[in-house]
Amino acid sequence: MNWMKRQRRLGLVFIAPNLLGMTVFMLIPALFSFYLMFTDWVFASGQIPRFIGLDNFRMMIGDEMFLVSLKNTFLLLLPVPVSIGFGFLIAVMLNNRVYFQKVLRAFFFAPYFTSGIAIAFVWMVLFQPTNGPINAFLRSLGMENTPQWFASPDTAMYAILIMFVAGGIGYNMIIYLAALQEISTEQMEAAKMDGATFWQLLRLVIIPLVSPTTFFLMITGFIGSIKGFGMIYAITQGGPANSTTVLSIFAYKEAFNFYEMGYASAISWTMFLFILLITLIQWTGQKKWVHY
């Protein structure tokens, strides 16, 4: 019994730094933010927070900027299934014997562990309207009026979506590769002996067996997209003309540009509820298509 107590105490010593960090930098700020969303508090004014109940949420519903950022946040969900699909197809190909297999795996996965800000600046160069490689390629195909991409409110969000699709492929691929290598060779051989074609094997064997991985990638992908901030802010800061402003950027601007901490907290908790709703919908729907 004494040995068990010593082990518990030792375990608490090891996890204490993480618990302390989570409490100080996550739990306490989250609880303070929960309180602030019911107040009117301009941080730079020197005044104490004034309780106003649900007024921040009433103001939010009538705020056109909130509706624009909510729509853009919904659009950020679209790249998730697309990048998962591409990641799965690439993983299937690279799970077989192909030339330069390891090099290709590293090539597709490299963007994931590269700095997001560095990748953002690479995309700025690629989408540069005048001399960028993408528009140069489009002009070589005969397109005269090439898109302005990040420079235009009409096309900036499309460029962001393309960037998010490409950014998620490598991570999805490597996770799918791990799942594919866990599939029993006996199952695959049995299906082939029964006369299954490649597409039947893919549809009836491989896709059902990796469905838990797909579910995991959908959950984490949607959460990551809704929280998307760094690369978008680095490139457009929510512009031009707020065309790429999402909920996270909207909350950031209200908090640190206008110091409206109560309103920013309400936006942040709305984003949390949005994430929770999307996750619950997926968790409910997965019972019909995920095979454990």
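The model is predicted, so local features need pLDDT of at least 70 and side-chain atom pairs count only at pLDDT 80 or more, while totals for chains, interfaces and linings use all residues. Residues are numbered from 1 along each chain as its sequence is written, and side-chain values use heavy atoms, with hydrogens and water left out.

I begin with the charged pairs. A search of the whole structure gives 2 salt bridges, a salt bridge being a side-chain nitrogen of Lys or Arg within 4 Å of a carboxyl oxygen of Asp or Glu. In one of them, Asp40 pairs with Arg50, and the closest N and O atoms are 3.1 Å apart. This pair links distant parts of the chain, since Asp40 belongs to strand E1 (residues 39–40) and Arg50 to strand E2 (residues 50–51), 10 residues apart. Helices (H or I, at least four residues) and strands (E, at least two) are DSSP runs, numbered from the N terminus. Asp40 counts as partly exposed because its relative accessibility is 30%; buried means under 20% relative accessible area, exposed over 50%, and partly exposed in between, with a 1.4 Å probe and protein chains only.

Asp55 forms a salt bridge with Arg58, with 2.5 Å between the closest N and O atoms. Both residues lie in helix H2 (residues 55–61), 3 residues apart, about one turn of the helix. Asp55 is partly exposed at a relative accessible area of 37%, whereas Arg58, at 53%, is exposed.

I turn next to helix H6. Within H6 (residues 116–126), Ile119, Ala120 and Trp123 are buried. Seen down the axis of H6, its buried residues fall within an arc of 105°, and therefore line one face of the helix; the arc is that of the directions from the helix axis to the C-beta atoms. What covers these buried residues of H6 includes helix H8 (156–180) and helix H12 (230–235), where contact means heavy atoms within 4.5 Å.

Finally, the aromatic rings. The structure holds 20 aromatic pairs. Rings of Phe, Tyr and Trp (its six-membered ring) pair if their centres lie within 6.5 Å; planes under 30 degrees apart count as stacked, over 60 as edge-to-face and the rest as tilted. The ring centres of Phe88 and Tyr176 are 5.1 Å apart and their planes stand at 70°, so this pair is edge-to-face. The pair links distant parts of the chain, with Phe88 in helix H4 (residues 79–94) and Tyr176 in helix H8, 88 residues apart. Both Phe88 and Tyr176 are buried. Elsewhere, one aromatic cluster is formed by Phe32, Tyr35, Trp41, Phe43 and Tyr259.
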